[in-house]
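Reader: I am new to reading protein models. Could you walk me through some features, one at a time?

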Amino acid sequence: MNIPADDRTFRHLGGNGPGWRDRLSRFPTSLLVLLSLLTLGGFVVLYSAVGGGENIDYVWRQSARFGFGAILMLVIAMAGSEKVYRRYAYLFYGLSLSLLVGVFLSGTIGMGARRWLEIGVLNLQPSELMKVALVLALARYFHDRSVSSGLGPADLVIPLLMIALPTALIVKQPDLGTSILLCAVGMSVIVAAGLEWKLFIGIIILLGASLPMGWNMMHDYQRRRILTLFSPEKDPLGAGYHIIQSKIAIGSGGLFGKGFMAGSQSQLNFLPERHTDFIFSVLAEEWGFVGGLLLLIVYCMIILRTLIIATTAADRFGLLTVVGLTTLFAFQVLVNMGMVIGLLPVVGIPLPMISYGGSSMLTLMIAMGLVAHVGVHSKQHGRTI
């Protein structure tokens, strides 16, 4: 049988649909454009945050990561059929869980936490992979089960265990921010799968009742971070230093900011972690309220674009995958901005596509590749939701 050239190319990649040119035409280009726009703006802020020309290597390294991430996103979106990621979802989850166990047993320690695993030349942070793996595994679990009415308690036992196992390992690292993020992402998939509102309210009440136990399990420095949220002035040179300096930087930016590389808090080294978790403070100080608002608008456009893709998903797995990954992206934006303006505790969540760091950027580009994959396959099959 003669197979068209496009189909032969695609089948070599593991798919069984039309050729790669057809798929390329379905690729959500606007999503990649928005991500590129966001990241290019991030390079400008990063250049200022690290002090300019002498440390421009930070910008080059971040550029290389984004370039690799963009290629990865394109490959994930184009390669394989719509069933490939569903088929291997549990395997990916199991592999990520094994890596987390490896971190627990023999991970490397940095900044007071055991979060990394050295594999050859790679210094891997498995908790980042778990964010995507958990979404895929939960999406497959609910895809494989036909639920005519809302989810009942019996339907939640295995999904909650799937959330609890990696969360417990990440809490032990300790990494409070990622563990909370993992719970939020997992719950978003469960709610989207059809959780009954009465049961949802019951879970919220149960979580509220378990807060005292969670408080007792926290490390002392984690408790101080939460208490500092309400009164940072009590320890201005210790636990409250980050928040106080961040608020000064954001407030001094005013409406239009002090100008590029003209922020006193960032350029005079008053602002800590200014190229990673607190990079939004640098942006707000130098570009003001208008700069922060423009950034927020781009984030909202990305989130809206992914939600549009979710509404056109060909099956339940695609819908739940996009909902979970969109929650991952949006929750990171919400928590990071909340903590730098003093509304949430400092929990070490980076600002998506802006903060310096490879693990977070590559994880988000993989996530966006999967979202784009759902978009590529959304129009060529009948919906089965």
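**Reading the model**

Author: Start with a cysteine. Cys183 is partly exposed, at a relative accessible area of 32%. Keep in mind that this is a predicted model.

Reader: How exposed is Cys300?

Author: Cys300 has 47% relative accessibility, so it counts as partly exposed. The cut-off for exposed is over 50%.

Reader: Now helices. How is a packed pair described?

Author: Two packed helices are described by the angle between their axes and the distance between those axes. Take H4, residues 57-78, and H17, residues 358-377. Their axes are 8 Å apart, and the packing angle is about 25°. Angles under 35 degrees count as roughly parallel, so H4 is roughly parallel to H17.

Reader: Is the crossing of H4 and H17 left-handed or right-handed?

Author: H4 passes H17 in a right-handed crossing.

Reader: Which residues of H4 and H17 meet?

Author: On the H4 side, they include Phe66, Leu72 and Ile76. On the H17 side, they include Met361, Leu370 and Val376. By class, the contact of H4 with H17 has 15 nonpolar, six polar and one charged residues.

Reader: What is the angle between H7 and H8?

Author: Helix H7 (residues 126-143) and helix H8 (residues 157-171) cross at roughly 175°. Their axes come within 10 Å. Angles over 145 degrees count as roughly antiparallel, and H7 and H8 are therefore roughly antiparallel to each other.

Reader: Which residues make the contact between H7 and H8?

Author: Among them are Met130, Leu134 and Tyr141 of H7, and Ile158, Met162 and Ile170 of H8. By class, this contact of H7 with H8 has twelve nonpolar, one polar and no charged residues.

Reader: Let us turn to the backbone. Which residues does the cis peptide bond join?

Author: The cis bond joins Gln173 and Pro174, with omega about -5°. Pro174 lies in the loop between H8 and helix H9 (176-192).

Reader: What is the phi of Asn269?

Author: Asn269 has a positive phi of about 65°, although it is not a glycine. Asn269 sits in the loop between helix H14 (264-267) and helix H15 (279-311). At 52% relative accessibility, Asn269 counts as exposed.

Reader: And where is Glu273?

Author: Glu273 is in the loop between H14 and H15. Glu273 is not a glycine, yet has a positive phi of about 50°. Its relative accessible area is 40%, so Glu273 is partly exposed.

Conventions:
Residues numbered from 1 in each chain as written. Predicted model: local features only at pLDDT ≥ 70, side-chain atom pairs only at ≥ 80, totals over all residues. Heavy atoms only, no water. Axes fitted to C-alpha atoms, helices over the stretch in contact; angles between N-to-C directions. Helix = DSSP H or I, 4+ residues; strand = E, 2+ residues; numbered from the N terminus. Parallel < 35°, antiparallel > 145°, perpendicular 65-115°, else oblique. Left-handed = near helix turned anticlockwise from the far one by under 90°. Contact = heavy atoms within 4.5 Å. Nonpolar A, V, L, I, M, F, W, Y, C, P; charged D, E, K, R; others polar. Buried < 20%, exposed > 50% of the residue type's maximum accessible area, 1.4 Å probe, protein only.
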